[in-house]
Amino acid sequence: MAIHTHPYRGEDDYAAMRRLLVENLARCGPPVYATLGNIDWWRVADDDPRSVYSAQLWFDGPRCVAFAWPTGDQVDIVVHPDDPALHDAALAWAETHFRAADETAAFRAWAFTGDAVRIAALSARGFQRTESGLVAFGRATDGAAPPSLPPGYTLRHVRGAEESEARAAVQRAAFESEWMTAERHARVLASPTYRPELDLVVEAPDGQLAGFALLWLDEANQLGVFEPLGVAVAYQRRGLGRALMLEGLRRLQQFGATYAVVETGLTYEARGLYEATGFAVLDVNYAWAAPGAAREGRP
């Protein structure tokens with residue numbers, strides 16, 4: 001059956017994208033370009049809740065076999081391993097998308113160092129690898145040490161929508177950014193992959209939230225994802241991040257996950273935390289700049 005393509009149309013397409021992610025993970029194993037938790041997070045995290053409508057999907061009959069999702073100055077591409085030619089098709093579509101209004105528009109795509117097919121497609125189109133990238137880490141969920149907290153601190157999960165503002169506030173304090181809001185957290189609560197028991201927080205002795213970790217579970221593949229995790233600046237260097245990681249591993253194992261993954265920027269301090277909690281580097285997902293695009297950019 002011939003491959004056909006169309007722009008994102010609604011929730012049926014979102015479900016098809018999710019099925020592709022589950023199948024790719026089962027076929028290829030981690031690291032992958034996106035998991036169920038990743039796209040749920042991308043969707044709720046965007047300033048525009050309808051940003052997914054900018055995505056383009058490719059189908060083989062009723063099965064989604066690739067998608068390209070542009071956001072900001074970059075595009076996330078997922079391709080089924082049985083359809084390698086769609087790497088080039090997705091990149092060609094992205095070039096048209098970004099340059100429809102500006103022929104010199106700068107944008108970036110992504111490739112793991114171990115993905116020879118994706119790298120070949122990028123190189124053939126004149127993309128150049130930048131020094132910006134994300135390090136993918138992974139480890140088995142079993143064997144994690146029990147979490148340890150300073151006296152007076154407690155580790156629990158979020159108590160639903162009533163704590164959305166406090167949960168948003170601790171993320172703002174951790175990343176020193178005003179980006180996270182109660183409205184965004186409310187959208188997290190409605191995500192298909194969201195589980196309240198995997199939305200963790202550390203409560204300080206004074207009742208303030210001091211740290212957080214949001215985990216996502218792909219039940220079919222028994223895989224958990226940390227996305228995102230942080231500790232408020234005022235509470236850092238107390239072992240709270242380590243406690244959140246270890247408790248996250250414990251809870252993921254309780255829900256049936258046998259493996260967990262997390263990503264961070266190449267130069268981010270979080271690398272030390274992940275390595276200290278037993279995570280090993282799986283690969284690096286580098287940003288590749290389109291021809292004529294700036295070589296700098298966010299990780």
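D13 is buried (under 20% relative accessible area, against over 50% for exposed and in between for partly exposed, with a 1.4 Å probe and protein chains only), yet D13 has no salt bridge, and its nearest side chain of opposite charge, R9, is 5.1 Å away. This is a predicted model, where local features need pLDDT of at least 70 and side-chain atom pairs count only at pLDDT 80 or more, while totals for chains, interfaces and linings use all residues. Residues are numbered from 1 along each chain as its sequence is written, and side-chain values use heavy atoms, with hydrogens and water left out.

**Around D13**

- For charge, Lys and Arg count as positive and Asp and Glu as negative, with His and the chain ends not counted.
- You'll find D13 in helix α1, residues 11-28; helices (H or I, at least four residues) and strands (E, at least two) are DSSP runs numbered from the N terminus.
- What does the side chain of D13 make a polar contact with? It's the side chain of H6, at 3.0 Å.
- A polar contact is a pair of N or O atoms within 3.5 Å; within protein, one must be able to donate a hydrogen and the other to accept it, and residues adjacent in sequence count only if both atoms are side-chain atoms.
- Skip the neighbours within four places in sequence, and D13 is in contact with H6, P7, Y8, L57 and F59, where contact means heavy atoms within 4.5 Å.

**Helix α3**

- The 13 residues of α3 (residues 86-98) should span 18 Å at 1.5 Å a residue, and the end C-alpha atoms are 18 Å apart, which agrees. That expected span is 1.5 Å times one less than the number of residues.
- Which residues of α3 are buried? They are L86, H87, A90, L91, W93, A94, E95 and F98.
- These buried residues pack against the strands β1 (3-7), β2 (56-60), β3 (63-71), β4 (74-79) and β5 (108-112), plus helix α4 (116-124).

**Aromatic rings**

- Rings of Phe, Tyr and Trp (its six-membered ring) pair if their centres lie within 6.5 Å; planes under 30 degrees apart count as stacked, over 60 as edge-to-face and the rest as tilted.
- By that rule there are eleven aromatic pairs. One of them is Y8 with Y53, an edge-to-face pair at 4.8 Å centre to centre with 85° between the planes.
- That pair links distant parts of the chain, 45 residues apart: Y8 sits in the loop between β1 and α1, and Y53 in the loop between α2 (36-45) and β2.
- Y8 has a relative accessible area of 4%, so it's buried, while Y53, at 31%, is partly exposed.
- F98 and F107 are stacked, 4.4 Å centre to centre with 5° between the planes, and both residues are buried.
- F137, F226, Y274 and F279 form one aromatic cluster.

**Salt bridges**

- A salt bridge needs a side-chain nitrogen of Lys or Arg within 4 Å of a carboxyl oxygen of Asp or Glu, and the count comes to 18.
- R172 meets E165 at 2.8 Å, N to O, and R172 also meets E178 at 3.9 Å.
- E165 counts as partly exposed because its relative accessibility is 42%, whereas E178, at 67%, counts as exposed.
- R195 and E219 form a salt bridge at 3.0 Å, N to O. They are 24 residues apart, with R195 in the loop between α6 (182-189) and β8 (199-203) and E219 in the loop between β9 (209-218) and β10 (223-231).
- R156, R159, E163 and E203 are linked in a salt-bridge network.
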